[in-house]
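Please consult the sequence and coordinates shown below alongside the text.

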Amino acid sequence: NYEQRLESLLAVDEAVERLVDTLRTERELDNTLIVFTSDNGYFHGEHRVQLGKVLVYEPSIRVPLIMRGPGVPAGAHRRQLVTNADLAPTILEAAGAKPGKPQDGRSLFPLLEDRGLEWGRDLLIEGAPGVNQPAFDAIRTYRYVYVQHANGERELYDLARDPYQLTSLTSDPAYADVQAELALRLGLLSVCV
């Protein structure tokens, strides 16, 4: 219910405030990287999903990422495509540590230093099967989202023309080449080590 969710949010706010106050008191705040994010977004009626998550649509795949600390410009906003796989390499770099295993992501510090820097990579989005939802693999670029569901269904959205992902373009012949290219790129991403 609404009151319980509000209490939970206030508890998180208060815990973060206490942590920051303690770091400030101990004179460690300027030496500490603070990262605030979420695992996935949550639907509140978008796409006729009253409550839920882990779908391929923007309300689920776009999550907040707020950072503060050394190497993070104060008050800056960035729009580059990143993924939660980039968090581990970022934290490792901030700590001056070396990874014990190969990393799927990249440190975010170069993007924080240069707002114009682009890695030019596509993002892989994977969804496990859920209630009335088949598993899926998807590719997210700046302009498109292309989805292949385990049941054989496909979806394609042109985010420049349809930012709310309301009309799939899989049967539109004008997008046949785009769909074929995205399907190929998704196939490569899906099997990448």
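Arg 121 and Asp 86 form a salt bridge whose closest N and O atoms are 2.3 Å apart; a salt bridge is a side-chain nitrogen of Lys or Arg within 4 Å of a carboxyl oxygen of Asp or Glu. Because Arg 121 lies in the loop between helix H4 (109-113) and strand E3 (123-127), and Asp 86 in the loop between strand E2 (65-68) and helix H3 (87-95), the pair ties together parts that are 35 residues apart in sequence. Helices (H or I, at least four residues) and strands (E, at least two) are DSSP runs, numbered from the N terminus. Asp 86 is buried, at a relative accessible area of 0%; buried means under 20%, exposed over 50%, and partly exposed in between (1.4 Å probe, protein chains only).

The model is predicted, local features need pLDDT of at least 70, side-chain atom pairs count only at pLDDT 80 or more, and totals for chains, interfaces and linings use all residues. Residues are numbered from 1 along each chain as its sequence is written, and side-chain values use heavy atoms, with hydrogens and water left out.

The structure holds five salt bridges, including those tabulated here.

| Salt bridge | Closest N and O atoms |
|---|---|
| Arg 121 and Asp 86 | 2.3 Å |
| Asp 122 and Arg 185 | 2.7 Å |
| Arg 185 and Glu 181 | 3.8 Å |

Asp 122 and Arg 185 form a salt bridge that links distant parts of the chain, with Asp 122 in the loop between H4 and E3 and Arg 185 in helix H5, 63 residues apart. Arg 185 and Glu 181 are four residues apart in helix H5, and therefore about one helical turn separates them. A network of salt bridges links Asp 122, Glu 181 and Arg 185. Within it, Arg 185 is partly exposed at 27% relative accessible area, and Glu 181 is partly exposed at 38%.

Helix H5 also contains Ala 183, which is partly exposed at 23% relative accessibility. Not counting residues up to four places away in sequence, Ala 183 touches Tyr 146 and Gln 148, where contact means heavy atoms within 4.5 Å. The C-alpha atoms of Ala 183 and Gln 148 are 8.2 Å apart, although 35 residues separate the two in sequence.

Strand E5 (residues 144-149) is mostly covered, with five of its six residues buried. Strand E4 (residues 136-140) runs antiparallel to E5 and is joined to it by five bridges; two strands pair if DSSP finds at least two bridges between them. Tyr 146 in E5 is the bridge partner of Ile 139, and three residues lie between E4 and E5 in their hairpin. Strand E6 (residues 154-158) is likewise antiparallel to E5, with five bridges, and Asp 158 in E6 is the bridge partner of Tyr 144. The hairpin of E5 and E6 has four residues between the strands, and Gly 152 in the turn has a positive phi of about 95 degrees.

How many aromatic pairs does a search of the whole structure find? The search finds one. Tyr 144 and Tyr 175 form this edge-to-face pair, at 6.4 Å centre to centre and 80 degrees between the planes. Rings of Phe, Tyr and Trp (its six-membered ring) pair if their centres lie within 6.5 Å; planes under 30 degrees apart count as stacked, over 60 as edge-to-face and the rest as tilted. Tyr 144 is buried at 14% relative accessible area, and Tyr 175 is buried at 10%.
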